[in-house]
Amino acid sequence: MRDGRTIISGAGGAARTRQPWPTTIAGALGAAFAARPGTPRPRTVRGPFLGYREGPAPEWSLTFPMPADLVRTQDGHGWRRVRPRDLEGVRTDADEPGMRFLHADDAGDSPDDLWLHREDLENHLCGHDPDQDELDDLKPPMERERRVGIAREDRAVMHSHTYTTEYLRLKDTQLRTWAFLAVSELAPGAAAPEPGPVRLGGGGRVADLEVCQAEHSPNFPQRPKSFPGGKVLVYLATPAIWRVRGDREGWRNRWAPPLPENAHLVAAAVKRAEHVASSGLDGQKTPRYAWLRWAVPAGSVYLLQFTGPAPEAAAERWARRSHARAWGETDSDEVTRELATAGFGLVLTGTWT
């Protein structure tokens, strides 16, 4: 999947492919459901997630992008969890007042190519320090292949028309098979789509669709049972598009989510923004819409602090409602609702210290 940016001459001459957007997977599932007359489309699609199964086993296991507050040490031989701290003499241009820095004395970078197993992420959500040996054994599930091309005209190379592209490929082996997994919420009585080939995005791409049986479905990490001090960690399992109204009645995207009542943002670890492109066709196969927006990447982390007369109870109630659901499924803005029900902004909740 391309990231939506142009690769014409003068615009950088480079492009990257990335894993499918939630809208790409939701569109493919919608087409699969539509192929069965009388079958309603799913109410929500949560994902995609990267999952694997071992050998011939039918059970699938989920993996999740590395949390942005979990970083390598500067020497590359260990892992640290950065925590909120006040750094004297250091300022930020963040537009949220009173925010604190996430810091560790020997903190390095958070890798983008590593994915956590469900058990490791659950450990992180419960506020525990990382398992050093477990994280050291992680290997990237995708390989990046770089290719160089040229443009020709009349069998001659066109001037200034050299370009490069990077492609992602899942690392399937004889022992482990990788796939993109999505969890669908169906209407009562609705049947699952038939397995088989389905169109995946544009460009004539086709993917194999397989339906997981209930006993073989993957499980999300569990949330903590309590939230001491009203502290809630919000982890983005899928990219999010936070829409707010601008000064001139227009909409813009921002890096911070809409906060629940009686909660304020203490700190955030947000990865580099991503370009999200989407388009749709009408019944005559002509373009009905097309847009390009900024998204907060999956793996970003927000630390919230609930206040009021019973902050721990308020934090637990909000986490119970929000865990493993998309932030915005019940929003009053129709576009925000559509993005959330397609899979954007799915959050997992934890605690922090």
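**Entry 1: the S9–S10 loop**

I started with Arg 155, which lies in the loop between S9 and S10. Strands here are DSSP runs of E with at least two residues, and helices are H or I runs of at least four, numbered from the N terminus. I am working from a predicted model, where local features need pLDDT of at least 70, side-chain atom pairs count only at pLDDT 80 or more, and totals for chains, interfaces and linings use all residues. Residues are numbered from 1 along each chain as its sequence is written, and side-chain values use heavy atoms, with hydrogens and water left out.

Arg 155 has a positive phi of about 65 degrees although it is not a glycine. Asp 154 also has a positive phi, about 55 degrees, and is no glycine either. I found Asp 154 in the loop between strand S9 (142-153) and strand S10 (156-170). I noted these because most residues other than glycine have a negative phi.

Buried or exposed, I asked of Arg 155? Arg 155 counts as exposed at 85% relative accessibility, and Asp 154 is exposed at a relative accessible area of 72%. The cut-offs are under 20% for buried, over 50% for exposed and partly exposed in between, with a 1.4 Å probe and protein chains only.

**Entry 2: whole chain**

I looked up the totals next. The protein chain has five helices and 22 strands. Of its 353 residues, 43% count as buried. Among contacts between residues at least 6 apart in sequence, 70% join residues at least 24 apart; contact means heavy atoms within 4.5 Å.

**Entry 3: a four-strand sheet**

I traced an open, antiparallel sheet of four strands in the order S8-S3-S2-S11. Two strands pair if DSSP finds at least two bridges between them. Strand S8 (115-117) and strand S11 (176-185) are at the edges with a single partner strand each, so one side of each has no neighbour in the sheet. The twist averages 45 degrees from one strand to the next.

Strand S2 (residues 44-54) pairs with S11 over nine bridges in the antiparallel sense. I checked Arg 46, and its bridge partner in S11 is Val 183. Helix H1 (residues 22-34) lies across S2 and S11, at about 95 degrees to S2. Axes are lines fitted to C-alpha atoms, for helices over the stretch in contact, with angles from 0 to 180 degrees between N-to-C directions.

**Entry 4: along S2**

Pro 48 is in strand S2, and a cis peptide bond joins Gly 47 to Pro 48, with omega about 10 degrees. Most peptide bonds are trans.

I then went to Arg 53, also found in S2. Which side chain does the side chain of Arg 53 make a polar contact with? I found the side chain of Glu 210, at 2.9 Å. A polar contact is a pair of N or O atoms within 3.5 Å; within protein, one must be able to donate a hydrogen and the other to accept it, and residues adjacent in sequence count only if both atoms are side-chain atoms.

**Entry 5: rings**

I counted six aromatic pairs in the structure. Tyr 52 and Trp 178 form a tilted one, 5.2 Å centre to centre with 55 degrees between the planes. Tyr 52 lies in S2 and Trp 178 in S11, so the pair ties together parts 126 residues apart in sequence. Both residues are buried. Rings of Phe, Tyr and Trp (its six-membered ring) pair if their centres lie within 6.5 Å; planes under 30 degrees apart are stacked, over 60 edge-to-face and the rest tilted.
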